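Please keep the model open beside you as you read.

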Amino acid sequence: MQVDRSLEFDPNRRSFLSALAASAAFAGPLSGLAASTASAQATAASALKDDAAFWGEVRGLFAQKPGVRYMNIGTAGSMPVETLDALDAENRRMARESMSGYSNFLEQRKTLARSFGCDPDEIVMSGNTSDGMCHSLLGLVWMPGDEIVTTNHEHGGGNVPMAILQDRYGVVIKRVTLPVGNKQTAEDYVELFSKAIGPRTKAMVFSAPTYKTGTMLPIKMLAKLAQEKGIVSICDGAHVPGMFAANFHDLGVDFLAGAGHKWQCGPLGTGILYVRNKVLPQYNPRPLPAYYLVVTSSYPLTGGLPPRTTNEKETDDIAARIQSTGSRNAPVYMGLVKSCETWDRIGREKIQAYTIGMSQHLKEKIAEKWGVDALYSPKDDPRLVCALTAFNPFQNPEHVKEKARSDAFVKRMLDEYGFVIRNVNFPVPGSQQDHYGVRVSTHLWSNMDDVNQLVDAMWDLSGKMNSV
Ligand SMILES: Cc1ncc(COP(=O)(O)O)c(C=O)c1O
């Protein structure tokens, strides 16, 4: 297959203009601005239709197996050919020149800092999201009885370091029960956290979006709440890099751990961790929390970490210390930088509009065929949507409580229709048993035809499985 590697973007093209319009409509999730849902959807739908040629070129950047439509990016992405080439070239260069993995590629953080709206001393090329969550949580200072407010929909990547804190220091983990479906607004989630935070609460930990239902918890609003309550905010943003046009400073959080290998489509074993390293009067004026690192080969050997800054100028490159962990697999980080450059070239706002636009279309179709109550993901509050869509595909709604049936649905979607999706289980308020919903990820190599065909296939299969 001939892959077009010279993607050129002409601002005069109609496609560019309509994509921009759509991205403006979908600025909601991270900007905290509410957009009119109906107009957002109409604009996004027209952008997706008019932009077929443009997105066709983008699709040509990837080299996936023909005949399989991959829609499980929430688990892992797929590298563009130019990233594969960069990875290969770097591996060969290192072998040829007998290089070690001790270069900590601190320079390359400049690209990531530009891509994600922060400074190089605040961005770490980590191993993955779980690694970033461990760095965030375990590097802080904890006392017995300190409390973390979190949710019942967290991933093991965050749950594991929280469990360590509980066992090691006696930290109390308090979980809010997340509602699911389309009835919530962003304010509802803020209120849940606000009510749960008490005098012993030291931090809040939340996924945005949650991996189970694809609910984009409102990062900016929750970070603001954390600031008002004087606590640390830690966001498991595994799905943020590569899906959202995120500006980490603007989000106002203290830590955000993202994946490099999911929506950003970098190599496996890469993550993007943001660690606030200065006072940001406009976005987060709170003092920096004490932070002593966890895995590093860059701690002063006789002790005495430089004190954290109390103003807008950093006193120490904390991200460099976190990133410096002995000999590392340097080529994967070069691959990550390459993927970030590709995303910057396509335009992160356009990517956000495109991926979420397809997901919104999918949600509308699900609501039409199965009824809106089948959705576990929000659809109508633009601050809560993302490119993950989770729903109950069974025409008998009770069937979603059967793990084996849900597993069979996912397997048959691949075997009989060629779509890779996944299922995920979670508690649903009012239900004694977990639900095993299916989750679909819509990314750059998919288009509206794929989404329409996916809906037809899922409807067909759910009909077949209804009577069995
Ligand atoms: C919300 C969330 N957090 C953390 C992880 C773990 O990601 P990683 O494999 O990058 O550590 C995932 C993976 O699916 C996730 O969805």
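Let's begin with helix α9, residues 186–196, whose buried residues are Ala186, Tyr189, Val190, Phe193 and Ala196. These five lie on the same side of α9, because the arc they cover around the axis is only 130 degrees. Do keep in mind that this is a predicted model.

**What α9 packs against**
- Strands β3 (147–151), β4 (172–176) and β5 (201–207) are all packed against by the buried residues of α9.
- Helix α10 (219–229) is another of the elements that these buried residues pack against.

**The sheet of β9, β12 and β11**
- Here three strands make an open sheet with antiparallel pairing, and their order is β9-β12-β11.
- The edges are taken by β9 (388–391) and β11 (422–426); each has a single partner strand, so one side of each has no neighbour in the sheet.
- From one strand to the next, the twist averages 35 degrees.
- Five bridges link β11 with β12 (residues 435–441), and the two strands pair in the antiparallel sense.
- For a residue-level landmark, look at phenylalanine 426, whose bridge partner in β12 is histidine 435.
- Helix α14, residues 348–370, lies across β9 and β12 and runs at about 15 degrees to β9.

**Helices α6 and α13**
- Two packed helices are described by the distance between their axes and the angle between them.
- For α6 (residues 109–116) and α13 (residues 330–346), the axes come within 10 Å and cross at roughly 35 degrees.
- The crossing of α6 past α13 is left-handed.
- On the α6 side, the contact is made by Thr111, Leu112, Ser115 and Phe116, which meet Leu336, Val337, Cys340, Glu341 and Asp344 of α13.
- By residue type, this contact of α6 with α13 has five nonpolar, two polar and two charged residues.

- Strand β2 runs antiparallel to β8 (residues 271–275), and four bridges join the two.
- Within this pair, serine 126 stands opposite glycine 271 of β8.

How values were computed
Residues are numbered from 1 along each chain as its sequence is written. This is a predicted model: local features need pLDDT of at least 70, side-chain atom pairs count only at pLDDT 80 or more; totals for chains, interfaces and linings use all residues. Side-chain values use heavy atoms; hydrogens and water are left out. Buried means under 20% relative accessible area, exposed over 50%, partly exposed in between (1.4 Å probe, protein chains only). The arc is that of the directions from the helix axis to the C-beta atoms. Contact means heavy atoms within 4.5 Å. Two strands pair if DSSP finds at least two bridges between them. Axes are lines fitted to C-alpha atoms, for helices over the stretch in contact, and angles run from 0 to 180 degrees between N-to-C directions. A crossing is left-handed if the near helix is turned anticlockwise from the far one by less than a right angle, and right-handed if clockwise. Ala, Val, Leu, Ile, Met, Phe, Trp, Tyr, Cys and Pro count as nonpolar, Asp, Glu, Lys and Arg as charged, and the others, Gly among them, as polar.
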